[in-house]
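Hi,

Here is the structure I said I would pass on.

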Amino acid sequence: MLLVLSDEHKEHLGFLPEVDSVVVSEFGRIAVEFLRRGTNPKIYEGAARKLSADAETVQHGVEGLMYLLTESSKLMISEVDFQDSVLVLGFTDELNQLLLQLYLEHRKEVRHILSELTPSLPHYHNLEWRLDVQVASRALRQQVKPTVSMKLHLEDRGEKSAKVLQTDPATLIHLIQELEKALAELKTTHCRRILRNIK
Amino acid sequence: MELSESVQKGLQSLADPMLFDLKTFSVLIEVAFQSLVSAHADSSVLDQPEFKRIDQMLLKHCHNAATTCILEGVKQNADKSTISSCLEDLRFDAERTDVFYSIYQKYRSDLETLLSSIGRCPPHINDVSWRLEYRIKNGHVHKVNEPSYLISLNVENANNGGSSEDLHFSCTMEQLQVHNDLVGKMKDAAKSLEKATQL
């Protein structure tokens with residue numbers, strides 16, 4: 001699957017062949033850093049001065065790289081496809097290789113960053129449990145009522161929450177049985193077929 | 001058993017053969033137990049034919065005294081000697097004490113169950129539902145190709161009359177299954193429950 005680069009995008013990336021490969025590597029590093037932590041416009045000005053170029057041109061160059069990285073990582077295109085997509089820009093082989101390396105080295109991380117944008121539910125983080133026996137209450141003395149107290153830790157985009165819950169022994173066994181059924185589903189032929197064939 | 005003066009007076013009236021003959025007494029005691037155990041408050045509970053000739057205020061007072069005494073007895077897990085001595089102090093003859101105690105035996109465990117369900121507790125898990133999905137792609141990342149579980153715990157707040165809500169969270173296969181995660185931990189809890197019951 002080839003990446004289709006818009007004319008504007010090609011124009012922005014057009015700045016890259018005009019500078020040293022060392023500078024391009026540096027831009028690549030900055031692009032990844034911006035993806036990780038957000039952009040910092042001051043860097044553009046500093047770089048622009050050093051290269052005696054327009055700050056806006058530098059910004060477009062870096063942004064072009066960022067977009068190239070995110071699009072290729074999102075689609076998870078193969079090496080060959082990446083090289084073919086970049087060929088259309090008419091860069092030197094050296095530059096092409098540099099871009100390819102940048103992509104391959106960082107695509108997993110970029111995909112991880114992108115996946116934080118997707119809608120998601122809180123996900124399971126940890127479960128703490130405790131066995132208690134209720135021996136008396138205001139309404140009834142002399143009881144023997146076993147209960148299981150649990151603290152369910154969930155995480156939602158970095159925000160952790162913990163919920164204290166309780167259940168009785170019969171329900172606990174039922175929960176275990178239901179969840180084991182859920183796990184067994186993954187091993188069925190139907191699921192295996194889907195997991196194998198959709199890649 | 002500590003009973004208030006009003007309750008004691010009511011019971012003393014119940015003991016009086018001039019006010020209640022043995023048959024009427026037995027019916028009232030049975031009615032008192034039943035009204036505690038039945039799920040709905042029934043305003044016609046005292047409309048028995050045996051009660052027609054009795055002053056309504058007295059009837060209500062005695063019914064009230066009887067139910068209070070019953071609840072106190074069940075709450076304290078009172079045995080035969082405690083109940084007998086309490087009633088004898090209130091001028092119950094042996095026959096009436098026996099009637100009371102035999103009906104008490106009949107309804108005792110139902111009343112205990114009822115009382116033990118009254119009280120505050122953390123949200124109580126009643127059930128679990130699950131869904132297995134295979135994530136193919138989303139708006140930000142394509143070719144995700146991962147199975148994922150969506151778990152819903154049906155949780156009831158506070159008492160029986162409390163609202164129930166669903167706690168949703170997602171979970172990978174590893175988080176559900178591998179030792180030290182959700183199902184594994186629940187099984188640990190169940191195992192130690194089993195050990196505790198054998199102590």
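Below is what turned up, starting with how the chains meet and ending with a few single residues.

One thing to keep in mind: this is a predicted model.

First, the interface. Chain A and chain B bury about 5200 Å² between them, and carbon and sulfur atoms give 68% of that area. The contact draws on 56 residues from chain A and 56 residues from chain B.

I have 24 residue pairs in polar contact across it, both partners at pLDDT 80 or more. The salt bridges between chain A and chain B number 2. One salt bridge joins A:Lys163 to B:Glu165, with 3.0 Å between the closest N and O atoms.

Which parts of chain A make up the side that touches chain B? At least two residues each come from helix 4 (55-75), helix 6 (93-115), strand 1, strand 2 (145-156), strand 3 (159-167), helix 7 (169-185) and helix 8 (189-197). Helix 7 of chain A gives the most to that side, with 14 residues.

Next, the surface. A:Val133, A:Val135 and A:Val144 make a nonpolar patch of about 310 Å². Of these, A:Val133 sits in strand 1 (residues 123-134) of chain A. A:Val133 counts as partly exposed because its relative accessibility is 49%, and exposed would need over 50%.

Most residues other than glycine have a negative phi. A:Met76 is not a glycine, yet its phi is positive, near 55°. You will find A:Met76 in the loop between helix 4 and helix 5 (79-87) of chain A. With 30% relative accessibility, A:Met76 counts as partly exposed.

In chain B, look at B:Asn77, another residue that is not a glycine but has a positive phi, about 55°. B:Asn77 lies in the loop between helix 3 (56-75) and helix 4 (80-89) of chain B. Is B:Asn77 buried, exposed or partly exposed? B:Asn77 is partly exposed, because its relative accessible area is 29%, and buried would mean under 20%.

That's everything from my side for now. Happy browsing!

Notes: Residues numbered from 1 in each chain as written. Chains lettered and ligands numbered in written order. Predicted model: local features only at pLDDT ≥ 70, side-chain atom pairs only at ≥ 80, totals over all residues. Heavy atoms only, no water. Patch = residues over 30% accessible without salt bridge, like charges linked within 9 Å, V, L, I, M, F, W, Y side chains within 5 Å. Areas by Shrake-Rupley, 256 points an atom, 1.4 Å probe, with all protein chains shown as cover. Salt bridge = Lys/Arg side-chain N within 4 Å of Asp/Glu carboxyl O. Helix = DSSP H or I, 4+ residues; strand = E, 2+ residues; numbered from the N terminus. Buried < 20%, exposed > 50% of the residue type's maximum accessible area, 1.4 Å probe, protein only. Contact = heavy atoms within 4.5 Å. Buried area = accessible area lost by both parts, 1.4 Å probe. Polar contact = N/O pair within 3.5 Å; in protein donor to acceptor, adjacent residues only side chain to side chain.
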